[in-house]
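Open the model in your viewer and keep the selection tool ready. This tour goes from stop to stop.

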Amino acid sequence: MPADFQPNLVFAVELGFDRSQAMAEFDKFRDYWNAKAGKDATKLDWPATWRNWLRNAAKPRNRPHQQAPPRETEHARHQREVRESIQQKLNGNPGHDEFASTGPAFDLEAGDYNAH
């Protein structure tokens with residue numbers, strides 16, 4: 001690789017790299033090609049080699065394939081429905097609160113409250 005080779009950072013930015021990421025890729029690029037020997041290290045078009053390096057670096061790598069979420073079991077569905085029902089009641093969803101006040105509320109004084 002020519003000692004005066006300058007990477008095209010505009011192309012790197014267009015692929016989504018910020019300046020520090022692009023320079024880190026250039027460090028890897030330079031080290032890789034300076035360490036490589038033989039016919040594979042001889043390039044006719046270093047700017048094109050740099051662009052290909054960036055395209056490959058921009059590809060997602062070593063990421064596990066995203067799997068579909070597991071199917072909901074009957075038990076899990078029942079638990080979710082109960083949780084949602086309780087949450088509706090706690091949020092005061094009108095018409096669904098069996099504990100809603102049917103009249104004015106008042107505080108009771110201390111005393112004997114046996115039914116007569």
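**Stop one: a surface patch**

Select Val82, Ile86 and Leu90: together they make a nonpolar surface patch of about 280 Å². Keep in mind that this is a predicted model. Leu90 sits in helix H4, which covers residues 74-90. Is Leu90 buried or exposed? Leu90 is exposed, because its relative accessibility is 64% and the cut-off for exposed is over 50%.

**Stop two: the largest nonpolar core**

Clear the selection. Next, select Phe5, Phe11, Ala12, Phe17, Ala22, Phe26, Phe29, Trp33, Trp46, Trp50 and Leu54. These eleven residues form the largest nonpolar core. Color the helices: H1 (9-14), H2 (19-35) and H3 (46-58) each supply at least two residues of this core. Which helix gives the most? H2 does, with four residues.

Leaving aside residues up to four places away in sequence, Phe26 touches Met1, Phe5, Pro7 and Trp50.

**Stop three: Glu25**

Move to Glu25, which lies in helix H2. Glu25 counts as buried because its relative accessibility is 11%, and buried means under 20%. What does Glu25 touch, not counting residues up to four places away in sequence? Show Phe17, Trp50, Trp53, Leu54 and Ala57: these are its contacts. Trp50 is also among the residues that Phe26 touches. Finally, display the side chains of Glu25 and Trp53. A polar contact of 2.9 Å joins them.

Technical notes
Residues are numbered from 1 along each chain as its sequence is written. This is a predicted model: local features need pLDDT of at least 70, side-chain atom pairs count only at pLDDT 80 or more; totals for chains, interfaces and linings use all residues. Side-chain values use heavy atoms; hydrogens and water are left out. Patches are made of residues with over 30% relative accessible area and no salt bridge: like charges are joined within 9 Å, nonpolar side chains (Val, Leu, Ile, Met, Phe, Trp, Tyr) within 5 Å. Accessible areas come from the Shrake-Rupley method with a 1.4 Å probe; for residues, only the protein chains shown count as cover. A salt bridge is a side-chain nitrogen of Lys or Arg within 4 Å of a carboxyl oxygen of Asp or Glu. Buried means under 20% relative accessible area, exposed over 50%, partly exposed in between (1.4 Å probe, protein chains only). A nonpolar core is a set of buried Ala, Val, Leu, Ile, Met, Phe, Trp, Tyr and Cys residues joined through side-chain atoms within 4.5 Å. Contact means heavy atoms within 4.5 Å. A polar contact is a pair of N or O atoms within 3.5 Å; within protein, one must be able to donate a hydrogen and the other to accept it, and residues adjacent in sequence count only if both atoms are side-chain atoms.
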